[in-house]
Amino acid sequence: MYLYLPDSSNKCNFLGWSRALFYQKKGHKKVPPPLNGILDLFCRPFKDVKNGSHNRSTKIHNQFNDCRRFYTIKNSPDKSRNPIQGFVITINHYLSIFAKKKLRIAVNTRFLLPNHLEGFGWYTHEIVSRMVKNHPEDTFIFLFDRDFDPRFVYGSNVIPVVVNPPARHPILFFIWFELRLPSTLKRYKAEVFFSPDSMCSLRTEVPTVMTIHDLIPLHYPTLIQWKHRRYLLHFLPLFAKKAQKILTVSEFVKSDIIQTLGIDSNRIEAIYNGCRDNFVPLDLEGQAAVRLKFSEGKPYFFYSGAIHPRKNIGRLIKAFDQFKQGQASEAKLLLAGRMAWQTDEVTEALAQSPFRSDIVMLGYVAESDLPRLVSAALALVYVSMSEGFGLPMLEAMHCETPVIAANASCLPEIAGEAALLVDPLSIQDIGAAMATIYTQPLLAQDLIEKGRKQRLKFNWDLAAEQVYQSLVQTAKKRED
């Protein structure tokens, strides 16, 4: 673990001596982070020899802040935190306090899990990584509930903190948010707390900004895992009342929160999600290669997401059966996603399908494969009963793939005119839409063109800055 210092000049004689001491032939100077921290504390009060100034926040201090951006963690294969890393984190913690950085933002980063970035995880990653990069003047305190992957420490202005216990059960949720989190936020002098996973602490005095992605636990409690159901039914309304600011991912969810929970609209802001950069169209050769790998070279309809009752996969399978019965087609149905819970209906639909050999259960697909699978599909079929945003539709628009979507919840808002909308309760309606895409290529191309325009409304860079401004305003209100 080293900090690589660039070849810029510095007027502090003591710092110049230390650089000479750690000189390397390649033109870089290696200064171990603990020594770097000591040098920073020692040199900041020194005079700038050229200007004769004696200001703690002038060139020497600014240069050290610039140098910290070269900080990289080279860790052991198991990615666990070693003692040196812990010492560096502690040094950076106290340096950030002494340096009087602009704002100290604590972030719930429980879902930043390596190789398991699903909904909440991707949202956290896309928003927070940009805030860290775009605002190096601020300190970000990342609150993990288990050993973290150093790849999620996005910059030198991040203080990663492990707060036990690992919270994946309602009892542990309560311990983590209500017993452990308040004291941790106080210890690290957080000025505002951002929780991107629809949960927060009821006991902290730190101003809280929380993202509520949907109210599905309140509207469809039977579709939630039983061990989480009672906890969310009880605490989600309390979380919404506690948070000083609520962020949502669609206007539909904002309206739902106002009507269902009675929250003042002035406390809620809708900020759309964006799409990852790796969702891009494939050329014809690339599409053929994907079909050869995943569908025996045949065209296919595609679904992406976890498989549980709200996703309506049972009806999708039956609609595909209807499509196959009405068309002399070799098309297949590819379902990408883990089998989550209450999957009996899906299992039964698969067993009864006369076209079972044409339905491919891919399970959880590699991140590198997902954009390619979307790009090579005849259409994305996304007929979920209820969503907060519907990210797979936006991913399909970026891959220039037609979209069939349910005319329910937020999906018409996000799809605009760039999707063929269907009744999610009608097997006939879904099957007819698949036949329309298959038999009318001009209509499919028209949906692609409309998708190119619709996707411009959604941008992670814009979303991250809007979230950041909400955090700043919430922290400022406390000061006022």
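## Nonpolar cores

A nonpolar core is a set of buried Ala, Val, Leu, Ile, Met, Phe, Trp, Tyr and Cys residues joined through side-chain atoms within 4.5 Å. In this predicted model, the largest such core has 94 residues. The residues with the most contacts inside this core are M131, F194, F302 and L316. Helix α18, residues 460–479, supplies the largest share of the core, seven residues.

M131 also shows which parts of the chain meet here. Apart from neighbours within four places in sequence, M131 is in contact with F140, F194, A464, V467, Y468 and L471.

## Overall make-up

The protein has 480 residues, and 52% of them count as buried. Its secondary structure consists of 18 helices and 15 strands.

Among contacts between residues at least 6 apart in sequence, 67% join residues at least 24 apart.

## Helices α16 and α17

Helix α16 covers residues 427–439 and helix α17 covers residues 441–454. Their axes come within 5 Å and cross at roughly 100°. Because angles of 65 to 115 degrees count as roughly perpendicular, α16 is roughly perpendicular to α17.

On the α16 side, the contact is made by T436, I437 and T439. On the α17 side, P441, L443, A444 and L447 take part. The residues of this contact comprise five nonpolar, two polar and no charged.

Notes: Residues numbered from 1 in each chain as written. Predicted model: local features only at pLDDT ≥ 70, side-chain atom pairs only at ≥ 80, totals over all residues. Heavy atoms only, no water. Buried < 20%, exposed > 50% of the residue type's maximum accessible area, 1.4 Å probe, protein only. Helix = DSSP H or I, 4+ residues; strand = E, 2+ residues; numbered from the N terminus. Contact = heavy atoms within 4.5 Å. Axes fitted to C-alpha atoms, helices over the stretch in contact; angles between N-to-C directions. Parallel < 35°, antiparallel > 145°, perpendicular 65-115°, else oblique. Nonpolar A, V, L, I, M, F, W, Y, C, P; charged D, E, K, R; others polar.
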